[in-house]
Amino acid sequence: MRSAEASHGTYDQLASDVLARAKDCGATEADIVVADGETFSVQVRVGAVDRLTKAREKRMGLRVFVGKRSATTSTSDFSKESLERLVSETCTLAKAVVEDQVSGLPDAVQMARDWPDLDLYDDTTLGTETQIEWAKRGEAAAFAADPRVTNSEGAEFDSSSGRVVLANSHGFVGSYKSSSYSLSVSPIATDPGTGAMQRDAWYEVQRKFSRLASAESIGQEATKRAVRRLGARKVATKRVPVVFDQETAGSLLANLCSAVSGYGLYKRASFLLDQLGQTIASDLITVYDDGRMAGGLGSRPFDGEGLATRKNTIVERGVLKSYLLDTYSGKKLGLSSTGNAARSVGESPSVGPTNFYLVPGVKSPQDIIGSVKEGLYVTDLIGFGINMVTGDYSRGACGFWIENGELIYPVEEITIAGNLKEMFKHIEMVGSDLVFRGRIASPTVKITEMMVAGN
C-alpha cells in the first residue's frame, strides 16, 4: 500500500489501495472519505487581536462492512504502516459488533454519475493581515455607528477552503472543492440614562470572498440591532399575532427540518411521523431542500454516500411531500434515500439538509408588521424548550411590541408558547426577504396567534 506522499498528492489511488486492502482483510464492502483543507479564524476585541488560529488538516475516515456488521474509524497519519494498521483494526472491530440487517452501502446503480460545477470554491488567498484588518474594520464600524456602543464582544473573521474525496468498493470515486468566508460583529450598547446594557450581533457567510458584504455594513447593522434593544421592557401576558424575523423564522424552519429527518422518524421521535401526503402547514408554505443550488452554503454534487444530490420538494402548499433520508434511515422506513447523507470524517453517515428553505412570498417585512394591530415582532430566541415528539414549543424571546402596525418599543424577558403543528398551519403571511446565511433559511413569517407570557 502506498502512502499519501507516494501518490503525488492525489488521494484517488490512495483510496483505491485502502479499499483493496480492506477487501483482503475480509470486508465485503467499504467506503472511504478523505478531507484536506485549511482554516483560519481571527477574533478582534476592542481593536486588539484576542485569538488567532490557523490550521491545515488532512483526515481519512474508513467504514467497512463484514456482511451485516460494520465499523468506522479515522486517522490523520497517512503513512503506509498507519493505513495498514487502520484497515486491520477496522475490520477486526467490524467482525466484533452485532449484525444490523439494514446496514450496507447503497446499491452501485444509485451512485452519482455526474457532478456539475456548483460554484462552491474560491481560490482567493487572503493574507493573515488582510483577515485581521477585516475583523478590525467590522468592529470599528460598529463603534463609529453610534456613541451608545461602549464595548464589544468582538468581531470574528473566518475563512476555510478544502477538498473532499469519497470512494467506495463499488468503484465510485468523487471529489469536490469548497470554500467559505464569514464575518460577525457583536457590539454592546449602553443606555446613557440607566446604564442598562444590551448586546446583539450581525454576520454574513459566503462561498466567494468577493460576494461578502463590506466589513463596515456588517458592523453598522450589528450596532443598529444592539442599540434598538435599549430600553427593553416586559409586556402583559396575552394571546397575540407573532411575527418572526428572518433569523428566528430560520430557527422555526430548523425545527421542521429536524422533524422530517429520517433518524427521528424511524425512532418515532417526530411530530411528523406518518404524515406524508398530509396537510401539515398553511397553503402559503412550500419548502425545498436543494443540494444543487449554485453557490449554496449546503450545496455539494454528491452526498456522504456518493449519491447525487438533488432538489427535493419537502412541503408543497402545506402538504408534506418528502422526508430527508440517507440510505439507512430510508431502509428503516421502507423508502429510498433523498441524497441527504451527511458525514464527518470518521463518522457513519447521518441525515442533514443541503439548502433547506421556505419559498419567499410577496409581502415586505414592513407590510407584515403593518398588518398587526397588536402583537410581537421576534428578533431573538433563547433556550430550547421544544418537544419534537409532540411539537410543544416554548422559548424565551426578545423583540419589539407592535401597535397599529408600528414597532413601538423593545421587549425582553418574555416567553412565547404554542405547538409547532398548529404554528405551521397558522402562518398567514410569508415575507419576500429570503437571504441565506447558512444551510437553513427563511423569510419573515407571521403566525396568526401565540401565547406571549410576560408580567
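How many of the 14 residues of α5 are buried? In this predicted model, the count is 11 of 14, so the helix is largely enclosed by the rest of the structure. The buried residues are Q246, T248, A249, G250, S251, L252, L253, N255, L256, C257 and A259, and for C257 the relative accessibility is 5%, which places this cysteine in the buried class.

The loop between α5 and α6 contains S261, a residue that is buried with a relative accessible area of 13%. When neighbours within four places in sequence are left aside, S261 is in contact with L324 and V351. By contrast, the C-alpha atoms of S261 and E129, which are 132 residues apart along the chain, are separated by 42 Å.

With regard to cysteines, a search of the whole structure returned 0 disulfides. C25 accordingly takes part in no disulfide, and the nearest cysteine sulfur, belonging to C91, lies 4.7 Å away; a disulfide would require the two sulfur atoms to be within 2.5 Å. C25 is itself buried, its relative accessible area being 19%, under the 20% limit that defines this class.

Aromatic side chains form 14 pairs by the ring-centre rule. In one of them, the rings of Y263 and Y328 have centres 6.2 Å apart and planes at 15 degrees, and the pair is therefore stacked. Since Y263 belongs to helix α6 (residues 262-266) and Y328 to helix α7 (residues 327-333), this pair ties together parts that are 65 residues apart in sequence. Y263 is buried, with a relative accessible area of 19%. A further aromatic pair, formed by Y357 and F436, is edge-to-face, with 5.5 Å from centre to centre and 70 degrees between the planes. Here the partners are Y357 in strand β14 (residues 356-358) and F436 in the loop between β18 (427-430) and β19 (440-441), so that parts 79 residues apart in sequence are tied together. Y357 counts as buried at 10% relative accessibility, whereas F436, with a relative accessible area of 21%, is partly exposed. Elsewhere, W115, F172, Y176 and F302 form one aromatic cluster.

Charged side chains also lie over aromatic rings. K58 is placed over the face of F78, at 4.6 Å from the ring centre, and the charged end of R395 sits over the ring of F384, at 5.5 Å from the centre of that ring.

Another arginine, R229, is located in the loop between α4 (215-227) and β8 (238-244). The side chain of R229 reaches the backbone oxygen of R199 at 3.5 Å. When residues up to four places away in sequence are not counted, R229 touches Q198, R199, D200, D380, C398 and P410.

Definitions and conventions:
Residues are numbered from 1 along each chain as its sequence is written. This is a predicted model: local features need pLDDT of at least 70, side-chain atom pairs count only at pLDDT 80 or more; totals for chains, interfaces and linings use all residues. Side-chain values use heavy atoms; hydrogens and water are left out. Buried means under 20% relative accessible area, exposed over 50%, partly exposed in between (1.4 Å probe, protein chains only). Helices (H or I, at least four residues) and strands (E, at least two) are DSSP runs, numbered from the N terminus. Rings of Phe, Tyr and Trp (its six-membered ring) pair if their centres lie within 6.5 Å; planes under 30 degrees apart count as stacked, over 60 as edge-to-face and the rest as tilted. A charge sits over a ring if NZ of Lys or CZ of Arg is within 6 Å of the ring centre and within 35 degrees of the ring normal. A polar contact is a pair of N or O atoms within 3.5 Å; within protein, one must be able to donate a hydrogen and the other to accept it, and residues adjacent in sequence count only if both atoms are side-chain atoms. Contact means heavy atoms within 4.5 Å.
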